[in-house]
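The report below goes through aromatic contacts, backbone geometry, the annotated domain and the pocket of one model. Please keep the sequence and the structure in view while reading.

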Amino acid sequence: MTRPVTLFTGQWADLPFEEVCRLASGWGYEGLEIACWGDHFEVDKALADDGYVPRKLETLAEHGLKVWAISNHLVGQAVCDNPDERHRAILPERIWGDGEPEGVRRRAAAEIMDTARAAARLGVDTVVGFTGSSIWHTVAMFPPTPEAMVERGYADFAERWNPILDVFDEVGVRFAHEVHPSEIAYDYWTTVRTLEAIGHRPAFGLNFDPSHFVWQELDPVGFLLDFRDRIYHVDCKDTKVRTGDGRRGRLSSHLPWADLRRGWDFISTGRGDVPWEDVFRALNTIGYTGPISVEWEDAGMDRLQGAPEALEFVRALNTMEPPKTSFDSAFT
């Protein structure tokens with residue numbers, strides 16, 4: 001089944017947008033999943049300047065590229081989080097403001113609403129991103145975490161995100177939440193609980209990125225089959241797990257990316273432990289026809305080598321067509 005293969009620009013936002021377009025086009029990508037940071041897609045400018053979106057589309061067209069989704073992970077993270085200096089480093093100054101936590105959260109929520117409006121102007125129907133979580137810090141369950149505190153966390157998520165999703169509904173855009181540690185939905189059962197918290201609203205779906213499943217010992221294929229109606233976007237990122245020597249643990253010991261003392265690492269797509277062929281067979285099974293976006297992350301490899309290599313790996317699997325007849329039909 002042929003689906004467009006795109007490059008997520010989040011890890012390339014230190015480069016000008018036009019340069020990323022040139023690179024991606026030269027490698028053979030069909031489009032971009034455009035990040036809402038750097039100069040790649042600036043939400044405030046997209047709404048304030050009538051010429052901004054046409055210029056972006058013109059740049060894409062000049063390089064033979066299209067866009068099916070934009071991503072605003074960084075601002076989305078602040079909607080439900082407890083903001084601190086880490087957030088200040090990733091947020092636009094207009095969102096951080098004076099740093100007062102509730103003000104940061106409210107400005108972040110307003111920006112995600114505007115992201116939906118900007119996506120509609122761009123002609124795309126999917127915004128990928130994070131939600132943040134007021135209860136992620138309780139994941140170790142010590143000090144003992146009362147169930148009421150967890151319930152308040154999901155209630156807080158629903159209270160903050162339902163008004164955001166109202167805007168998504170108004171403009172005909174969907175939010176694809178990336179199931180990811182540090183978010184309100186980070187594994188199988190927290191995804192179930194997250195969807196329940198907002199009454200399974202169609203405006204809220206999932207961005208499937210199996211790299212976050214592997215090191216948690218989750219089954220990415222089973223996840224696709226069980227949440228088939230909520231898979232709004234797919235990112236291809238890989239993970240290599242290196243636990244088992246009695247020293248390297250799954251929580252990775254506060255060690256930096258690519259430090260071989262870590263228990264796992266993000267790694268170039270096709271070089272890790274994600275069962276990619278089964279993933280693509282599952283995508284065929286559920287009838288997913290949207291973009292396949294390479295989210296290239298590997299702190300131990302040059303991205304100019306990794307991005308084109310990942311494209312070739314993904315493309316080979318992405319063109320695998322489901323059979324029109326069963327192989328055993330020839331027996332009768």
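## Aromatic pairs

F8 and W37 are both buried, where buried stands for under 20% relative accessible area, exposed for over 50% and partly exposed for values in between, with a 1.4 Å probe and protein chains only. The model is predicted, and local features need pLDDT of at least 70 and side-chain atom pairs pLDDT 80 or more, whereas totals for chains, interfaces and linings use all residues. Residues are numbered from 1 along each chain as its sequence is written, and side-chain values use heavy atoms, with hydrogens and water left out.

The structure holds 21 aromatic pairs, a pair being two rings of Phe, Tyr or Trp (its six-membered ring) with centres within 6.5 Å, called stacked if the planes are under 30 degrees apart, edge-to-face if over 60 and tilted otherwise. Between F8 and W37 the ring centres are 6.1 Å apart and the planes stand at 85°, so this pair is edge-to-face. It links distant parts of the chain, 29 residues apart, with F8 in strand β1 (residues 5–8) and W37 in the loop between β2 (31–35) and α2 (43–48); helices (H or I, at least four residues) and strands (E, at least two) are DSSP runs numbered from the N terminus.

W215 and W264, by contrast, form a stacked pair, with 4.5 Å from centre to centre and 5° between the planes. Because W215 lies in the loop between α10 and α11 and W264 in strand β9, the pair ties together parts that are 49 residues apart in sequence. W215 is buried at a relative accessible area of 13%, and W264 also counts as buried, at 7%. Elsewhere, ring pairs join Y188, W189, F208, F213, F223 and F227 into a cluster.

## Charges over rings

A charge is taken to sit over a ring if NZ of Lys or CZ of Arg is within 6 Å of the ring centre and within 35 degrees of the ring normal. The charged end of R262 sits over the ring of W264, 4.9 Å from its centre, and that of K237 sits over the ring of F266, 4.5 Å from its centre.

## Backbone geometry

The peptide bond from F142 to P143 is cis, with omega near -5°, and P143 is found in the loop between β4 (126–129) and α8 (147–171).

Positive phi in a residue other than glycine is found at E217, with a value of about 60°, and at S252, where phi is near 70°. E217 belongs to the loop between α10 (211–214) and α11 (220–226) and is exposed, with a relative accessible area of 61%. S252 lies in the loop between β8 (238–241) and β9 (264–267) and is buried, with a relative accessible area of 5%.

## Annotated domain

An unreviewed UniProt entry carries the annotation "domain: Xylose isomerase-like TIM barrel" for residues 22–316; such annotations, given here in the numbering of this model and with shortened feature names, may be inferred rather than shown by experiment. Over residues 22–316 the chain is 45% helix and 14% strand, and the end C-alpha atoms are 23 Å apart.

## Largest pocket

A pocket is an open set of points on a 1 Å grid over the protein atoms alone, where a 1.4 Å probe fits and protein lies on both sides within 12 Å along at least five of seven lines, and its lining residues have an atom within 4 Å of a point. The largest pocket contains about 1400 Å³ of space, a volume being the space filled by probe spheres set on the points, which are joined across faces, edges and corners.

Its lining comprises 40 residues, of which R86, H180, P181, S182 and W257 lie nearest the centre. α4 (73–80), α5 (85–90) and β9 each supply at least two residues of this lining. By class, the lining has 17 nonpolar, 15 polar and 8 charged residues, with Ala, Val, Leu, Ile, Met, Phe, Trp, Tyr, Cys and Pro counted as nonpolar, Asp, Glu, Lys and Arg as charged, and the others, Gly among them, as polar.
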